[in-house]
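Please open the structure in your viewer and keep the sequence at hand.

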Amino acid sequence: MRNTDPDAPPPLPRLGAGHPELAALVDAARQGGTPLVLLHVDIDHFASINQNMGVEVGDIALETVGERLRTLIDGRGHVWRHGSDEFVVALPDAQASVVTAQALAQQLIATIEQPLTVLPYTLFLGAKVGISLCPQHGSDASQLLQLAETAVRRASHVVHDPVQVHAAPALDRAQSESTIARQIVDALPNRELRLRFQPMISARDGRIVGMEALIRWQSPVLGLLLPERFLPIAERLGVIVQIGDWMLERVIEQCKLWREQGFDDFFVGVNVSTLQLLEPDFVDRLLARMQHAALPNSAILLEINESALSTNTQAVYQAIAALRHEGVGLTLDNFGTGNASLGALVRYPADILKIDRSFINAAPAGSRETAIVRAMIAMGHQLGMKVIANGVETEAQLGFLRRADCDIFQGYLFGEAMSAEAAGQALRRRYLRAELFAATTTDRTLLLVDDEENVLRALVRLFRRDGYRILAAGNVRDAFGLLATNEVQVILSDQRMSEMDGTEFLGRVKMLYPDTIRLVLSGYTDLATVTDAINRGAIYRFLTKPWDDTELREHIRQAFRTHDTQRNREASPQA
């Protein structure tokens, strides 16, 4: 229930049309007053809370988040609700630099990430933040809002960084790369590098089985930079070995500290470059450090980019073989994006295959990438490797990957790159998003797919009387999402749909979920298409509109009986 306490603070105001309060702050900054920091805060995956726990729980959670943000700002600025699950924060700040704005954004995210209780639930939220500055980036309230919103949308597609600052077109990329080249050599002595950790989650139950160590550079000029911005330049300049050495040293120190706190049943993954592997004493120095820290060799998992396998193969192979001989685990990172051959994959004895996020982003939409993901997982298992899916952001992706027998998940759905302290708190919880791993229902589930709303409603009414668990999708994209997150036995799809026809849709379903029984319902007959689909096994039966209720219900009952027969046949011992 909502808080009806008369002494409770009033709810946050909405950012009204014309946003007069914001406009006044912008005018003051434009006319030489205190500069302004504008932050657009977007709560991660909030729609799933409304869907799974109810709109009232979602409303209370948003009210609580708003009050937390107001308390954090503490009268120094303004906080507004904006959209359904978004907030806008405006803070006059005499410094108003990229660095101070990013620090404030991290404080906002840390506040939102604190566990939030709405009985009977305990919610663990995350957020993305987009930033614009006045007058640096603009002098109009609407323009600044748009720039901050564009930045937060970019944060949704940037690896491991939930805070994004508006990038003014005037900042030429070549100029920024020149700045990076001049300053990266001093990043280590100036203590500008930061270490972050992202959880790796068991596909079985949501338990944390590992952490990946990730590096950030707090540039005094360009702000907080992701590794893809500065590591290639560091590699060209030859300082990548020193940076990698610093990172390994810090990871070993942190791993030792966690083990002393009782967390001794997980690994820490850390990336190593090809140049590090080519160092003659790399293996000996690493093992000596781990021995000095009293760490078992299995506590550290080295992540090697797939591209390393295609250059200096003999030297790299010798280093990898030596590490494996000593029991140090190895992950083949970014698999599928490099140019290593399958022969190299067989030759190099890695423990884990990590599928690149670009393939995971396409799941579970029935695309070619989705089929490739299933093939990668099967190939990794055939080679005796576990498989990590990197970049898991949605429940639909998680459901598809679990059904494809992926072993470990990493991505925003379970946690973003976080400080060592926040990672330690996650380790104390041990299980992240455990509700996503609860046993699925064994009810008989029927998926109905039709892009005509009236037809879909009529079909739902018809089959509801038979006691099925009914899922309904008005388009193919939603249908793939439902298939990824639910155990579906029977599918009834319309043939003529705007995105693709029913036989093509069910052909893709057969490839991804071959155990389903698939039927097409159509108001017209293309005998060649239907015959081909039946011959390929894409569909079990072709039915026509308008339908007879009794006959259609019997066809669906028979489809469930066929599914039961097939499942019993597979479960019975072979003669």
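Begin by selecting Gly238, which follows helix 7 and has a positive phi, near 85°. The model in view is a predicted one.

Next, select helix 7 itself, residues 227-237. Which of its residues are buried? They are Pro227, Phe230, Ile233 and Ala234.

The following stops concern salt bridges, of which the model has 31. Select Arg30 and Asp27: their closest N and O atoms are 2.9 Å apart. Both residues belong to helix 1 (residues 20-30), where a spacing of 3 residues separates them by about one helical turn. Arg30 is partly exposed, at 41% relative accessible area, and Asp27 is partly exposed as well, at 30%.

Now select Asp42 and Arg153, whose side chains form a salt bridge with an N to O distance of 3.1 Å. This pair links distant parts of the chain, for Asp42 is in strand 1 (residues 36-43) and Arg153 is in helix 5 (residues 141-155), 111 residues apart. Is Asp42 buried or exposed? With a relative accessibility of 13%, Asp42 counts as buried, whereas Arg153, at 32%, counts as partly exposed.

Proceed to Arg289 and Asp245, which meet in a salt bridge of 2.9 Å, N to O. Arg289 lies in helix 10 and Asp245 in helix 8, so the pair ties together parts that are 44 residues apart in sequence.

Finally, select Asp466, Arg553, Glu554, Arg557 and Arg561, which salt bridges with shared partners join into one network.

How values were computed. Residues are numbered from 1 along each chain as its sequence is written. This is a predicted model: local features need pLDDT of at least 70, side-chain atom pairs count only at pLDDT 80 or more; totals for chains, interfaces and linings use all residues. Side-chain values use heavy atoms; hydrogens and water are left out. Buried means under 20% relative accessible area, exposed over 50%, partly exposed in between (1.4 Å probe, protein chains only). Helices (H or I, at least four residues) and strands (E, at least two) are DSSP runs, numbered from the N terminus. A salt bridge is a side-chain nitrogen of Lys or Arg within 4 Å of a carboxyl oxygen of Asp or Glu.
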